[in-house]
Amino acid sequence: MARDEDSTSVAPKSSDEQGSPPDSTADATEDPSRRGFLSRLGGIGMGAGLAVSYGAVGAMAVRYLYPAKPTPTNWLFVADLVSFAKGTSMTYTAPTGAPVVIARKGDAGTADDFVALSSTCPHLGCRVHWEGQNKRFYCPCHNGTFDPDGTATGGPPKTAGQSLPRYPLKVEAGLLYIEVPTEKLG
Amino acid sequence: MTLERKRIVIVIMSGAFIASLLFVQWMEVLRKREELGKGQAHVSVPTASKDCVDCHQKSTAGIVEHWRGSTHAKKGVACVDCHTAAEGDADAYQHYGALIATIVTPRDCSRCHADVANEFAASHHAKGGNILASLDNVLAENVEGARMMFSPHAPTPGKTVDKVNGFAPLNSGCKQCHGSRVALESIDGSSITVNELAPGPDGKPTKSDVVSKIAKNKDGVPILTAATWPNSGIGRINLDGSLGSCSACHSRHDFSPRRARQPENCGKCHMGPDHPQKEIYEESKHGVAFRDLREKMNLDSPTWILGKDYSEAPTCATCHMSGNMRNGGKITHDPGQRISWTNRPPVSLVMDTDKDHKVITELDPEKRRALTVDTADQKRTRMKEVCGHCHTPDYVSNFYKQYDDLVIHFNEKFARPGQTIMAALRKNEMLTTREFDEPIEWTWYYLWHHEGRRARHGASMMAPDYTQWHGMYEVAERFYVEFIPEAQGLAREAADHGRKEQADAVLAVISGILEKPEHVWYVEERKKKEEAERAKAEAAGKETKEAKAEKKP
Amino acid sequence: MAFLAEWIRERLPVDGDKLRSLTNEPVPNHMKRWWFALGGTPAYLFIVQIVTGILLAFYYEPSSKTAYESVRYITDEAAYGWYLRSIHKWGATLMIASVILHQTRIFFTGAYRKPRDINWMVGMTILLCTLVIGFTGYSLVFEQLSFWGATVGANIADNVPVLGPLMKRVMLGGDVYNDRTLSRFFMLHAAVLPVLLMILIAIHIAIIRIQGVTEMKFADDDAKKPHFNFFPDHIYTEIIMGLIVMIVLSTLATVLPATLGPRADPLTTPEVIKPEWFFYVAFRWLKLFSGTLAILSMGFVVFLMYAWPRIDDYLRRRFKMGEVSVWVGIAGAFAIIGLTIWEAAVAH
């Protein structure tokens, strides 16, 4: 290791070297056009290579930040078709605690006989509740109202022509299943 | 290094970096794929049963863990769905906010599994609790046990024993396989069963005066008679009128189909000296193959169809219940549907069944035909559908010929003769009316109930050792060395007591049987010897007479 | 580009030429040699750690109840979570290794001598902060060794005379590891120390720029052009170093990814408790000498390191020992390596 005794001093700042960058290219003797093309190719290649590689890492980071899985849901047993009469309804409580009103309209024995209404107001997400005396669903946030089918009858949801969201249902071997979210907060 | 070269190095290194990132991407894809494969076992507790699970997870964790591994759990069927009781049920009670019953009967299961429950209800399995009207019942209640509570012989150190339960052998033995008659304690000390409750078609009792006498503990829970519960006998007679117990085969609380497909499951009851089906299966080539190829047999598959999900070896379930490719994959919960001989009685019967799934005992061919809804041949054909997955038709028919021959041989050489001799003894008053109080009754019982059944079952499932050494050899020994001498002894004893006519009648029956070609080996040499001696004696007597006559001048 | 420059110039008093001259520092020729780029490497790794650390913090929960589960979520469920966590873990090791290598280079090339002794002290502080940030980072995983390492570390700090108990209580937020300890470690690791490091690194680089890099003259250097440009020449070198670092990190992350050991259990002490590799030398030292003596001697060694420029100057002037630092450095390096390997090789 060669060491200079004077290396303790600050490097001299000669004025001609201070600011102006000397020639960046070392080989001034090459053919200008070829040199220019190669250098530009090199430059583009470099830029592209760096952009793609670091860009890929960036894309991975973005994907990482995006939720890994959709909200976990599951098909859960509700009732057997025989004991669920046409014209009746029941309240099913999902594992998250959310109440779902399930009503049977027809008796064909398929999932189309049933409707499962979520109690989340389509306006801004507050929880609606059933008013027995008025035979309607009522949302306390902005006075939205819905008929027993879930169609909006008053308030902002009516203006927007919305209705209560429905949960998917299926019938298998004479048994009714509903697809509900299962993860409880906390 | 010039700038140019540095730029090129950067290009190359970026390329290497991108290559490593491609590897990262591949690993991520693999991870996601693996996650997808694992992700499906997701059990969420339905809200209605959440309290049950939270508490029982601590108090009886085994039940909850079993349940978690079940298909019920995956589909969101939990505690309340099965244990829920209706208002008015005899055994219903309030338990931390839910109206439930402890015992889940086939009626409860049929709410969702109606077809299977109905099929099971029609089967002989469901009628297993009807042992009470059979000989076995006498054995358990009189011979082994006592039809009463009786006083102990002497005090038991360390325990206070006032009365001895004479029904204990019945309760812990027979009824644990056959099923108990579920009883509730009554406030007047008696028992309340389905007979007293007289449930209607909805399972609810119709006799309110009986219901009002049901004894309850301090929490309001009806008290189940200890002798009758716990019990998962397959023919359990339930309080709601339904017969049977689904959990006999589909053990709770995971109700595992995998377990029900394996011979050990059936083997809980179908084993032992009087019907060693499990041991016979294990001896047979089927059992040997199963033991070896078990892991390849896809036991966890949701459907378990022979020829589609597995083909390596049959288990009990394969032949007697499971679906196969030739019957459209249809399972039956009535094993009787595929059985052509019933080897239960002393004399095996051809399984022509009537509309109630009962074996027709009618002898007249015309009457038989009129009653028959499902013939033995139809049943055999259903069984042959299973055999045909591995065996050619000739192989199968020849086997059935071997089997038929053995059953009929046993019937005709030992069973019917035995029955005839026993009938003769009874008719001629050489036996008391009480069963099992004389040695010959035991002898006869062993012959058809134990050894005879072993031989027939052994033949039915190709277990030669059970057919021969545990079977026909022992039948023959029992017949010739014990049964016949005992019967003859009884006759001679009657003769000694002056009942010569009856004794002769019985001896005639016995010798009539023994002189038949199939039995004559037993008697012919001795007979010849006796004849020779008599002839000798006669000849000697004649000579003496002649000599005496000659001496007279 | 020109439009942007014009837009800025209309609002801020920035002179393009002055800016160019300020940043385009002439780099001495010796820095064309690759092993002189060891200063930029830890800085680059620091940026990598900040980026991956911020990403990890999106899912990490610094509560003793949920920390372990959140790390599991990152490792098993978040897309590329395993990769980013592994990069962060290996980045920590490489960053500490490259800081140490950089310091070694500085030491053996005597670049710490006056007037650069001030920067040497800033660098020493950077080293200590880096070691602490490495320690606090591992405690956040809440594995067995995270918990027990933190507990043992706090107990060691307890042995410092006078301030020990205070240090321990401040570190743990109580007398023992409790539910508030983890948030402390998290704030140190993710906020306090990174900011401190950023400030120190800024000062470190500013001082270099003000004083200029120590000039080393090699025999084969171009005498006529003793300097070359920062832009783009040296930048390219640094970019290449960066790419090499990324490739090494990526490879390590895929071949030896970060795993998750058993969850911290205050009631079960694992058979073998060891700190991270960079503390092996200290751990072994503490085992050789007990309690206060060990702590004080370690403190003394750190003090010596801080004061080495002055000591070196004294030794050279007083005893005319020109190469003494080299020999001391070689001996010190062997001692540190020896103790580290010893600790690594044995269980206790």
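Mentor: Let us begin with Asn143(A), which sits in the loop between β6 (136-139) and β7 (144-146) of chain A. Please keep in mind throughout that this is a predicted model.

Trainee: Which residue of chain B has a positive phi near 45°, and where is its place?

Mentor: That is Phe255(B), again a residue other than glycine, and its place is in the loop between α11 and α12 of chain B. Phe255(B) has 22 C-beta neighbours inside 10 Å and therefore counts as buried, the cut-off for that class being 20 or more.

Trainee: Which peptide bonds are cis in the loop that holds Pro230(B) and His253(B)?

Mentor: The omega angle is what one reads for this. A cis bond joins Trp229(B) and Pro230(B), with omega about 15°, and Pro230(B) lies in the loop between α11 (208-211) and α12 (257-260) of chain B. The peptide bond from Arg252(B) to His253(B) is cis as well, with omega near 5°, and His253(B) is likewise found in the loop between α11 and α12 of chain B.

Trainee: How should I read the surroundings of a glycine such as Gly323(B), and what does Gly323(B) touch?

Mentor: Gly323(B) is found in the loop between α16 (316-320) and β7 (341-342) of chain B, and it is buried, since 22 other C-beta atoms lie within 10 Å. Not counting residues up to four places away in sequence, Gly323(B) touches Ile305(B), Gly329(B), Lys330(B) and Ile331(B). The C-alpha atoms of Gly323(B) and Thr303(B), which are 20 residues apart along the chain, are separated by 8.8 Å.

Trainee: For a helix, what span should the 33 residues of α21 of chain B have, and where does α21(B) bend?

Mentor: Helix α21 (residues 464-496) of chain B should span 48 Å at 1.5 Å a residue, and its end C-alpha atoms are 44 Å apart, which agrees. There is a bend of about 35° in α21(B) at Phe479(B), and just after α21(B), Gly498(B) takes a positive phi of about 90°.

Trainee: How many helices and strands are there in chain B, and which of its elements has the lowest mean pLDDT?

Mentor: Chain B has 23 helices and eight strands, and 34% of its 553 residues count as buried. Its mean pLDDT is 91, with 98% of its residues reaching 70 or more. Among the elements of chain B, helix α8 (residues 135-144) has the lowest mean pLDDT, 81, while helix α15 (residues 285-293) has the highest, 96.

Trainee: How many residues of chain B are in contact with chain A, and which helix of chain B gives the largest share?

Mentor: To read an interface, one counts the residues on each side and then asks where they come from. Here 23 residues of chain B are in contact with 30 residues of chain A. The largest share of the chain B side, eleven residues, comes from helix α1 (residues 3-38) of chain B, and that side divides into eleven nonpolar, seven polar and five charged residues.

Trainee: Which residues touch the most other members of the largest nonpolar core?

Mentor: This core has 59 residues, of which Tyr83(C), Leu140(C) and Phe142(C) touch the most other members. Among the elements that each supply at least two residues are α2 (32-65) of chain A, α1 of chain B and α3 (40-57) of chain C, and the largest share, ten residues, comes from α5(C). Leaving aside neighbours within four places in sequence, the contacts of Leu140(C) include Tyr60(C), Pro62(C), Phe185(C) and His189(C).

Terms used:
Residues are numbered from 1 along each chain as its sequence is written. Chains are lettered from A and ligands numbered from 1 in the order in which they are written. This is a predicted model: local features need pLDDT of at least 70, side-chain atom pairs count only at pLDDT 80 or more; totals for chains, interfaces and linings use all residues. Two residues are in contact if their C-beta atoms, placed from the backbone, lie within 7 Å. Helices (H or I, at least four residues) and strands (E, at least two) are DSSP runs, numbered from the N terminus. Ala, Val, Leu, Ile, Met, Phe, Trp, Tyr, Cys and Pro count as nonpolar, Asp, Glu, Lys and Arg as charged, and the others, Gly among them, as polar. A residue is buried if 20 or more other C-beta atoms lie within 10 Å of its own, exposed if 12 or fewer, and partly exposed in between; C-beta atoms are placed from the backbone. A nonpolar core is a set of buried Ala, Val, Leu, Ile, Met, Phe, Trp, Tyr and Cys residues joined through C-beta atoms within 7 Å. pLDDT is the predictor's confidence in each residue, from 0 to 100. The expected span of a helix is 1.5 Å times one less than its number of residues. The bend at a residue is the angle between axes fitted to the seven residues ending there and the seven starting there.
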